[in-house]
Amino acid sequence: MKSVVIETRAVEREYGYPGVEAIVDHPQHGRLLVIDGFGGKDSLRGGAVRFEHGRVCKLLPEDTFEALDAEWNEYTSVMDAVTSGHDSDRPLLDWDGMAVAGLAKSCGLDQSEGANVHLRVPAEVKARWVRMSRSDGRRLGEWLVERIERALRKEDRDGPSDR
């Protein structure tokens with residue numbers, strides 16, 4: 001039997017990196033929360049969000065993102081309590097990074113198979129791009145690729161522009 005993805009959602013991680021959270025029904029462990037994580041700027045294979053830097057939490061059979069987003073107490077959400085290890089009904093599982101990454105890959109959550117492109121732009125430019133991509137309801141990377149591809153198609157159709 002295979003793990004089944006129940007829900008996924010895109011989130012913003014440290015430094016504006018896009019991340020993923022998923023609720024998965026696992027044949028052996030039941031309902032799980034699978035989240036990627038930021039590897040830190042100074043660590044080996046850091047400076048990016050990957051499932052190998054993530055965590056897995058055991059959930060209750062009826063848990064959904066709506067349930068996890070509810071208040072745990074007046075100071076924090078259920079999600080924050082779960083992912084920080086404070087909810088004994090939904091414990092963090094002691095999985096190493098490769099096990100988390102393996103689960104994510106087996107469920108089709110790990111989209112890191114593509115090539116990475118790194119851009120260094122002024123902070124003001126990135127902030128503007130982030131605002132524009134969010135107003136379109138898109139993740140920054142997807143938004144940039146769409147804009148670049150659109151410009152290239154136009155250039156292929158109309159010929160190079162004089163800049």
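Modeller: Fine. Keep in mind that this is a predicted model. In the second largest pocket, the lining residues divide into six charged, four polar and three nonpolar.

Colleague: What is the volume of the second largest pocket?

Modeller: The volume of the second largest pocket is about 170 Å³. It is lined by 13 residues, and those closest to its centre are Arg13, Ile35, Asp36, Gly37 and Arg55.

Colleague: Which elements each supply at least two residues of that lining?

Modeller: Strand S3 (30-38), strand S4 (49-58) and helix H2 (78-83). S3 gives the largest share, with four residues.

Colleague: Let me step back to the fold. How many helices and strands does the protein have?

Modeller: There are five helices and four strands. Going from the N terminus, the order is β-β-β-β-α-α-α-α-α.

Colleague: And what percentage of the residues is buried?

Modeller: Of the 163 residues in the protein, 30% are buried. As for contacts, take those between residues at least 6 apart in sequence: 45% of them join residues at least 24 apart.

Colleague: Take Val34, then. What does Val34 touch, leaving out residues up to four places away in sequence?

Modeller: Val34 touches Val20, Glu21, Ala22, Val24, Phe51, Arg55, Val100, Leu103 and Leu109. Apart from this core there is a second, separate one of 10 residues, which includes Ile35, Cys57, Phe65 and Val82.

Colleague: Why does Phe65 count as buried?

Modeller: Because its relative accessibility is 5%, and the cut-off for buried is under 20%.

Colleague: What does Phe65 touch?

Modeller: Setting aside residues up to four places away in sequence, Phe65 touches Glu7, Thr8, Arg9, Glu21, Ala22, Ile23, Leu33 and Met79. Take Arg9 from that list: Arg9 and Phe65 are 56 residues apart in sequence, with 8.7 Å from C-alpha to C-alpha.

Colleague: Now the start of the chain. Where does Ser3 lie?

Modeller: Ser3 is in the segment before strand S1 (4-12). Ser3 counts as buried because its relative accessibility is 13%. Beyond its neighbours within four places in sequence, Ser3 is in contact with Val24, Asp25, His26, Pro27, Leu103 and Cys107. Val24 and Leu103 are among the residues with the most contacts inside the largest nonpolar core.

Colleague: There's another serine I wanted to ask about, Ser133. Which helix is Ser133 in?

Modeller: Helix H4, residues 123-135. Ser133 has a relative accessibility of 1%, so it counts as buried.

Colleague: What does the side chain of Ser133 reach?

Modeller: The backbone oxygen of Val130, at 3.0 Å.

Colleague: Is Pro18 buried or partly exposed?

Modeller: Partly exposed, because its relative accessibility is 37%.

Colleague: Last one, Pro91. Where does Pro91 lie?

Modeller: In the loop between H2 and H3. Pro91 has a relative accessible area of 33%, so it is partly exposed. Leaving aside neighbours within four places in sequence, Pro91 is in contact with Val56, Cys57 and Lys58. Pro91 and Cys57 are 34 residues apart in sequence, and their C-alpha atoms are 5.6 Å apart in space. Cys57 is one of the residues in the second core.

Technical notes:
Residues numbered from 1 in each chain as written. Predicted model: local features only at pLDDT ≥ 70, side-chain atom pairs only at ≥ 80, totals over all residues. Heavy atoms only, no water. Buried < 20%, exposed > 50% of the residue type's maximum accessible area, 1.4 Å probe, protein only. Polar contact = N/O pair within 3.5 Å; in protein donor to acceptor, adjacent residues only side chain to side chain. 1 Å grid on protein atoms, 1.4 Å probe; cavity = no way out; pocket = protein on both sides within 12 Å on 5 of 7 lines; lining within 4 Å. Points joined across faces, edges and corners; volume = space filled by probe spheres on them. Nonpolar A, V, L, I, M, F, W, Y, C, P; charged D, E, K, R; others polar. Core = buried A, V, L, I, M, F, W, Y, C linked by side-chain atoms within 4.5 Å. Contact = heavy atoms within 4.5 Å.
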